Amino acid sequence: MENVLDIKIRQLRIVNYKGIDELELEFPMPVMADDPDIMVMGSRNGVGKTSVLECCALLLIALGSHEIEIPRRHRSKTNILEMMIRSGESQAKIEGKVFVNDVEIALGVTIHKSEGIELSTSQQIPELQKYLARDSKDEMDIFEEFISIASGKNPNPLLFESVLYFHGYRKVQEGNQELDMIVTARRFVYRYGYKAPISAFKITILRALMSRAQLFETLNDENSGDVLRKLNELVQRYAGGTIQKLRPSEDNTIEFRIQPDDDSPSFTFDGLSSGQKEIISTLFLIWYHTRDRSCVVLIDEPELHMNPEWHRAFIGQLNLLAPQNQYIIATHSEDVFASVEKDRRLLIHDSIRSKA
């Protein structure tokens, strides 16, 4: 991973964000160089685990940004900002320390109920803006996508250079993909008068399959073979088959098929259980988006739809697939919580929160 920035978040302070009055957390470095960089948070419902992950995501979105402007079509809808701010308060603050190639950067995000979002940073790193490759349009799109996720409207995870956020509303959308989605890699599609997200997981796989076939000049990824091999390792492990071919449908959409190991008839990926789709898609997208770089990966309830055996093995799979990342995980599963060392566990409760 030469010439790639290493980004890690180490401290976080939250004031008046959603249900949190004030909370300070640290995500310390591993004790040993080869130990996983991970923190698993547990708590009862309503204490703020999900809010912590959202604040981490916002802080990392701010990394390398100039400003975040509310999209014009949303400016009259004050509930977008109000839903982030603790009831009765006029603003929320998120502060933290992020390390980029071991250089400490102090970041701040202030969410104003009526004035938008204000960003602050202690210093700029010249390589950072080029690496993140953002302009004002990118920043607006990132913020809008975060809003759609935080409000439960977008089932896709947040997938960006500095952060991957697998939120609690995530789901691999059922249904086939249109050919133009594969070619253009759009994140959203307009159908019947509304803007619906398309499946980030399915589009990634379909583009790799089309690239391997070399049918389009614009889809010629020399790494598509490695991508499909990694995908099929996961499909083999959790579904007992492999994905090899596409099938067109009568409505001019395309689906990909799973061929079982026992040579029984193939079936659509949507035929898998929700737990199978969840663990395959989450592990694959983490590997795919961080295979040549490190990233901060936030996961809310990795146990969603999974059986207890997969709970216990999930952290180990992360460390095998992508050990270079920093992982911050929120869970209700005792098995997930117990699968890391004690110094990698954080139990959040009311006593560690103070009134602002």
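Biologist: Which residues does Arg344 touch, not counting residues up to four places away in sequence?

Modeller: A contact here means heavy atoms within 4.5 Å. By that rule, and leaving out residues up to four places away in sequence, Arg344 touches Pro28, Met29, Pro30, Pro36, Asp37, Ile38, Met39 and Val40. Before going on, note that this is a predicted model, in which local features need pLDDT of at least 70, side-chain atom pairs count only at pLDDT 80 or more, and totals for chains, interfaces and linings use all residues. Residues are numbered from 1 along each chain as its sequence is written, and side-chain values use heavy atoms, with hydrogens and water left out.

Biologist: Where is Arg344 found, and is Arg344 buried or exposed?

Modeller: Helices (H or I, at least four residues) and strands (E, at least two) are DSSP runs, numbered from the N terminus. Arg344 sits in the loop between α10 (334-338) and β17 (345-347). Buried means under 20% relative accessible area, exposed means over 50%, and partly exposed lies in between (1.4 Å probe, protein chains only). Arg344 has a relative accessible area of 6%, so Arg344 is buried.

Biologist: Which backbone oxygen does the side chain of Arg344 reach?

Modeller: A polar contact is a pair of N or O atoms within 3.5 Å; within protein, one must be able to donate a hydrogen and the other to accept it, and residues adjacent in sequence count only if both atoms are side-chain atoms. The side chain of Arg344 reaches the backbone oxygen of Pro28 at 3.1 Å. Pro28 is also one of the residues that Arg344 touches.

Biologist: Is Gly168 buried or partly exposed?

Modeller: Gly168 counts as partly exposed because its relative accessibility is 35%. Gly168 lies in the loop between β8 and β9 (177-178). Apart from neighbours within four places in sequence, Gly168 is in contact with Asp300 and Leu304. The C-alpha atoms of Gly168 and Pro155 are separated by 8.8 Å, and the two residues are 13 apart along the chain.

Biologist: At what angle do α7 and α8 pack?

Modeller: Two packed helices are described by the angle between their axes and the distance between the axes. Axes are lines fitted to C-alpha atoms, for helices over the stretch in contact, and angles run from 0 to 180 degrees between N-to-C directions. Helix α7 (residues 224-239) and helix α8 (residues 274-290) pack at about 155 degrees, with their axes 10 Å apart. Angles under 35 degrees count as roughly parallel, over 145 as roughly antiparallel, 65 to 115 as roughly perpendicular and the rest as oblique. α7 and α8 are therefore roughly antiparallel.

Biologist: Is the crossing of α7 and α8 left-handed or right-handed?

Modeller: A crossing is left-handed if the near helix is turned anticlockwise from the far one by less than a right angle, and right-handed if clockwise. α7 passes α8 in a right-handed crossing. Among the residues in this contact are Val227, Leu231 and Leu234 of α7, and Ile280, Leu283 and Phe284 of α8. Residues are also sorted by class: Ala, Val, Leu, Ile, Met, Phe, Trp, Tyr, Cys and Pro count as nonpolar, Asp, Glu, Lys and Arg as charged, and the others, Gly among them, as polar. The contact of α7 with α8 has 12 nonpolar, 1 polar and 2 charged residues.

Biologist: How do α7 and α9 pack?

Modeller: α7 and helix α9 (residues 308-321) pack at about 165 degrees, with axes 14 Å apart. They are therefore roughly antiparallel, and the crossing is right-handed. Lys230, Leu234, Arg237 and Tyr238 in α7 meet Trp310, Gln317 and Leu321 in α9. That contact has 4 nonpolar, 1 polar and 2 charged residues.

Biologist: At what angle do α8 and α9 cross?

Modeller: The axes of α8 and α9 cross at roughly 20 degrees and come within 10 Å. These helices are therefore roughly parallel.
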